[in-house]
Amino acid sequence: MALDHLIDALGRQAGAETEALLAAARADSERIRADAAERMTRARGDAVEAVRAELRARLEADVGEARRGARGGVLEARQRLLDRVFAAAGALLPSAIATERYRAALPQHLAQALAAVAGESVIIRCPEELAETVRALTAGQAQMSVVADPGAGPGIRVTTQDGAIDVDNTLAGRLERERPRLALDALTALRNGA
């Protein structure tokens, strides 16, 4: 019987040790599973954040490209509008030299052109309808000759005898020199609804 007790005691002790080993194994297994789950969660979060960062970068690039494209379209539309406005203004220039207002400004336009070639012998080219007025304004000036030239454009063009200096003070030339300022004024008026 003592042997039976001993076998029973050994069985209980083995069962207790087995239970202790199983409990320790379960605890290790749970700890390993929890660590693995935490690592997977962290890795998933890192992967999701990496994808989000890449998507944000792509979105910002796409938005930037779309903005540049839209700005380019706006600039092209503005340029087309300005081209139409200046073409329409250019079409009005030939008739403008017949107006009283232009005739009143002609002496100043001539003086400005002549100031650029002061002291030089010059040829003043202008349309036929301005030739007599320009001759009257330059009467007595031996170093100046007036030539009626339909190719000169509306207004006056002063060229030195040697051709080294050519002052374009036609209405088209003046309009072209004023174009940047006038373009800004036109765009400001357009923006302000004028």
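A salt bridge is taken here as a side-chain nitrogen of Lys or Arg lying within 4 Å of a carboxyl oxygen of Asp or Glu. The model is a predicted one, in which local features need pLDDT of at least 70 and side-chain atom pairs count only at pLDDT 80 or more, while totals for chains, interfaces and linings use all residues. Residues are numbered from 1 along each chain as its sequence is written, and side-chain values use heavy atoms, with hydrogens and water left out.

Helices (H or I, at least four residues) and strands (E, at least two) are DSSP runs, numbered from the N terminus. Arg68 and Glu65 are 3 residues apart in helix α1, so about one helical turn separates them. Accessibility is described in three classes: buried means under 20% relative accessible area, exposed over 50%, and partly exposed in between (1.4 Å probe, protein chains only). Arg68 is partly exposed, at 47%, and Glu65 is partly exposed at 48%.

A search of the whole structure finds 13 salt bridges. Another of them links Arg56 to Glu49, with the closest N and O atoms 2.9 Å apart. Arg56 is partly exposed, with a relative accessibility of 42%, and Glu49 is partly exposed, with 37%. Side chains of opposite charge can pair when their charged atoms come close.

Helix α1 spans residues 2–96. Asp46 lies in this helix and is exposed, with a relative accessible area of 54%. The C-alpha atoms of Asp46 and Arg78 are separated by 47 Å, the two residues being 32 apart along the chain.

The strands may be followed next. Two strands are said to pair if DSSP finds at least two bridges between them. Strand β1 (122–126) runs parallel to β2, to which it is joined by 5 bridges. Within this pairing, Cys126 has Ala148 in β2 as its bridge partner. With β3, strand β1 runs antiparallel, and 4 bridges join the two; Arg125 stands opposite Arg157 in β3. Strand β1 is mostly covered, 4 of its 5 residues being buried.

Strand β3 (155–160) has 5 of its 6 residues buried, so the rest of the structure largely encloses it. It is joined to β4 by 5 bridges in an antiparallel arrangement, and Ile156 has Asn169 in β4 as its bridge partner. The two strands form a hairpin with 5 residues between them, and Gly163 in the turn has a positive phi of about 75 degrees.

Because Arg157 lies in strand β3 and Asp168 in strand β4 (residues 166–170), the pair ties together parts that are 11 residues apart in sequence. Arg157 is partly exposed at 25% relative accessibility, and Asp168 is partly exposed at 23%. Asp166 joins these two residues in a network of salt bridges.

A nonpolar core is a set of buried Ala, Val, Leu, Ile, Met, Phe, Trp, Tyr and Cys residues joined through side-chain atoms within 4.5 Å. The largest such core has 25 residues, and those with the most contacts inside it are Ile124, Val134, Ile156 and Val158. At least two residues of this core come from each of α1, α2, β1, α3 (128–137), β2 (144–148), β3 and α4. Helix α2 gives the most, with 5 residues. In soluble globular proteins, nonpolar side chains tend to be buried together.

The last feature is a pocket. On a 1 Å grid over the protein atoms alone, a pocket is an open set of points where a 1.4 Å probe fits, with protein on both sides within 12 Å along at least five of seven lines; lining residues have an atom within 4 Å of a point. Grid points are joined across faces, edges and corners, and a volume is the space filled by probe spheres set on the points. The largest pocket has a volume of about 290 Å³. Its lining includes Leu93, Arg101, Tyr102, His109, Arg174 and Glu178. Helices α1, α2 (100–115) and α4 (171–191) each supply at least two lining residues, and the largest share, 5 residues, comes from α4.
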